[in-house]
Each structure stands twice: as structure tokens, then as C-alpha cells.
Amino acid sequence: MNEYQLEQILVISRHGIRTALPETLRLLETVTPKAWPQWDSAPGYLTNRGGILENYFGAYFKKWMQQQNFEVSPDEVFVYANSIQRTVATAQYFTLGAFPGLDVPINHKYPIQRMDPIFDPVVRDDSESFKQSVIKDIQHYTHSQFLIEQLNLQLKPAYELLSDILDYRQSQYYQKVQCELADLPSSFNLIVNEEPIIRGSLAVGTAIADALLLQYYSGFTKQDNAWGLIATEEQRAMIANIKNQYINLLFKSPLLAKHIAKPLVEFVNQMFQQQHKLVILVGHDCNIAAITGALGFKDYQLPHQIEETPIGGKLVIQRWRNKHDQQHYFKVEYMYQTIEQLHLASELTLNNPPMHHPLEIDGLNKNEQGFYFWSDLKKRISNI
């Protein structure tokens, strides 16, 4: 590795731990007769714990950069976040940890709580022909018929677990629909200027799973975390898999991923042309899923995590220069906190680091040292 010099880092981060989203809270009140525990922040906002953990992550990241002999001054850093409270606050806390006491501006385009088109995963073509092309592409991507009912059947044990936790059959929602969680009518919709959506079991299950996972990450007491009814990590992973499947279907199949990620990919490409040595972009899980799908990343499993796009996780794209041949290369790591680090709010240090999981890209060759060719990444980006 001594013959390689790290020259540029681009980070695409998911925001840190937040409260449940407003639309989720409205749903949660109807799917159980039980009272939900209260959050310490407004709906959809970064929590106090989320801020602390991002500060820890930033402090660790500074030490990691020093380990890589990567020196960067504040004027060589560009931070850009979606114009939502949780993403801007994540950028603030992370930057404060990485550059304490230094003036590193946090850039965002709009007043808080307005989506930036760069990060907004919306559909721009709702024609029937595009929808059919997307469905065929999802079938090819998943190696199966795109039948949501089949997926819901596979997820039935997870839905039944959720139903038991919620006492769902005694809820307002059940009284209204008279239908088990696994059997809710489903549909796949592409609407211009809206996120792609799968309505029915998968969407409802994802919203509930998200809230329960956030309770655990937030360090709620055992009784306040799913009312003490999640007994094992296996059960928690079953619940998380509902959300994983939802995100994978909507944002990782190549055609839809390229369509959704195009504004972000174009912005990333612009950043590679700039003089900033460190670029930090803060968005959402759908942004990371879509950009990995668009660029052709191979499927991965993250050790010691149950979410495929974990809260606070960071896609770290690194550009390296070979000192001998002066050629540029790259590699990509997923840096993220483990379930335990999130649940315990563990400080990240060189002795207690976040996970570093290398990601691979389909159709690209590595050299003997495990680096991809930078020119190949540029070609891949130009084809989106």
C-alpha cells in the first residue's frame, strides 16, 4: 500500500438516528391498541442520541484519515446535505466531530424541511411503457416473477411476529380492513414527482419495522422497545428484513435505480471534478440504495447489522494514485455502526471502530492490490 496515495474521499451518508416520520406516527396510532412511547424530538428529526453518535463518527473519521496519511484542511472540505432537519443536523454533528472548533460550512439549498431534488428519489416518467420496463427489470434483477404477493408470503412469519407484538387484531386498522398484515391488498405505483411506492403489506410492515428498529437504536428501555416483546436478535432481523426487501425492490433494480439516482450521480460526478479533497453528502437510505443499484454494486451482507442501509451508515468512495505509474484507482467501503454500537451509544475509537465492509462492483476488474481503475468508474457514471 505504500506505493498508493489517497487523494480524494467522497462520503455519501445516511442521516443518523431520527424519530419516527410524521406519516408513520399517524399509521402507528391505528395498528395497535397499545400506547407508543414518546420521542425526545419532533417527528422525523435527528434525536439527541443521533447527534452524539454522529459526533463520535466524525471524531473517528478524522483519526482514520490520519491513519491513511490523508491530510485535509477545512478549506478543502465540502459538506452538502439535503434540506431536511435530520440530514443537516447529521452533517453538523459529524463535521463538528471531524473538525472540532474549525469553520466548515454546512451547505444546503433550501430552507429546512424542503426536499432538494438532488436527494429526492422521485419518479420523472409515469408512462405505462416505463412502468412495464421497470417491472421486467425487477424480474431480471430478482431472478423471479415480480409478484408482491409471493414476497409477502415469504415474509409471512415476520408479519405474524409484528401482529403479535402490536396486538394488531385488536387495532382500529384491523377493524377497518378486516385483513391480516400479510394479506393487505398490494399495488406498485409510479407517479410523477413522487417516490415509487409499493402499497399494502410491504409498505405498512416497513413503517412499523422502521419505528421498532429506531426504538432499539435509541436505547429505549426494554419495556418501551416493542413493549418488551422482541426476545432475540433473530426476531429483530426478521422485522428488519421487511424494510430491506421494500428498499431493494424500489431502489436497487438497475433501471429504476438509474432513474432515481441520476441527479445525485450527476452531482457526485461534479464533485469529482472539483478541488475538494473531502466531500461529505448527507441524504437518506434510498439515496445509498439507488446509487449502489445504479453503479452496479454487487449484493452485500453487512456483518453485525440487520439493515442493508443502516442508520448513520456511510458509503466511502476513495480515489488513490499509484506513485509509480501515476494512474488513479478507487475502492469503496461501507462504514457503519454495529447494532450494539448504536444500541449502547458506544463511542467510536481506533480500538472500537465502526465496521469497514468493502463493496464490489459487477463487471469491473481489480488490479493485484484490489483496487478498481478510476477510468472504469468514470465510464460507469457517464452511462447513467
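## Exercises on a predicted model

Histidine 304 sits in the loop that runs between helix 11 and strand 7 (314–322). Keep in mind that the model you're looking at is predicted.

**Exercise 1.** Is histidine 304 buried or exposed, and what is its phi near?

*Solution.* Start with the cut-off: a residue counts as exposed when its relative accessible area is over 50%. Histidine 304 comes out at 57%, so it is exposed. Next, the backbone: its phi is near 60 degrees, which is a positive value in a residue other than glycine. As background, most residues other than glycine have a negative phi.

**Exercise 2.** In which loop is glutamine 113 found, and is it buried, exposed or partly exposed?

*Solution.* First find the place: glutamine 113 belongs to the loop between strand 3 (106–107) and helix 4 (128–142). Then check the backbone, where phi is about 85 degrees, positive even though this residue isn't a glycine. Last comes accessibility.

**Exercise 3.** How many of the residues of helix 11 are buried, and what covers them?

*Solution.* Go through the helix residue by residue. Asp285, Cys286, Asn287, Ile288, Ala289, Ala290, Ile291, Thr292, Gly293 and Ala294 are the buried ones. That makes 10 of the 10, so helix 11 is largely enclosed by the rest of the structure. Now look at the cover: it includes strand 1 (4–14), helix 9 (233–251), helix 10, strand 6 (278–283), strand 7 and strand 8 (328–336).

**Exercise 4.** Which residues line the largest cavity, and how much space lies in it?

*Solution.* Begin with the count: there is one cavity of 30 Å³ or more. The largest cavity holds about 40 Å³ of space. Its lining is made up of Ile118, Phe119, Asp120, Pro121, Ile260, Ala261, Leu264, Cys286, Asn287 and Ala290. Two or more of these lining residues come from each of helix 10 (254–273) and helix 11 (285–294). Sort the lining by class and you get eight nonpolar, one polar and one charged.

**Exercise 5.** Why does strand 2 count as largely enclosed, and which strands does it pair with?

*Solution.* Take the burial first. Five of the five residues of strand 2 (residues 77–81) are buried, so the rest of the structure largely encloses it. Here's a handy bit of background: in a regular strand the side chains alternate between the two faces of the sheet. In strand 2, Val77, Val79 and Ala81 are on one side, Phe78 and Tyr80 are on the other, and both faces are covered.

Now for the neighbours. Strand 2 pairs with strand 6 in the parallel sense over five bridges, and phenylalanine 78 has valine 279 as its bridge partner there. Strand 2 also runs parallel to strand 3, paired over two bridges. In that case the bridge partner of tyrosine 80 is asparagine 107.

Methods: Residues numbered from 1 in each chain as written. Predicted model: local features only at pLDDT ≥ 70, side-chain atom pairs only at ≥ 80, totals over all residues. Heavy atoms only, no water. 1 Å grid on protein atoms, 1.4 Å probe; cavity = no way out; pocket = protein on both sides within 12 Å on 5 of 7 lines; lining within 4 Å. Points joined across faces, edges and corners; volume = space filled by probe spheres on them. Helix = DSSP H or I, 4+ residues; strand = E, 2+ residues; numbered from the N terminus. Nonpolar A, V, L, I, M, F, W, Y, C, P; charged D, E, K, R; others polar. Buried < 20%, exposed > 50% of the residue type's maximum accessible area, 1.4 Å probe, protein only. Contact = heavy atoms within 4.5 Å. Pairing = 2+ DSSP bridges.
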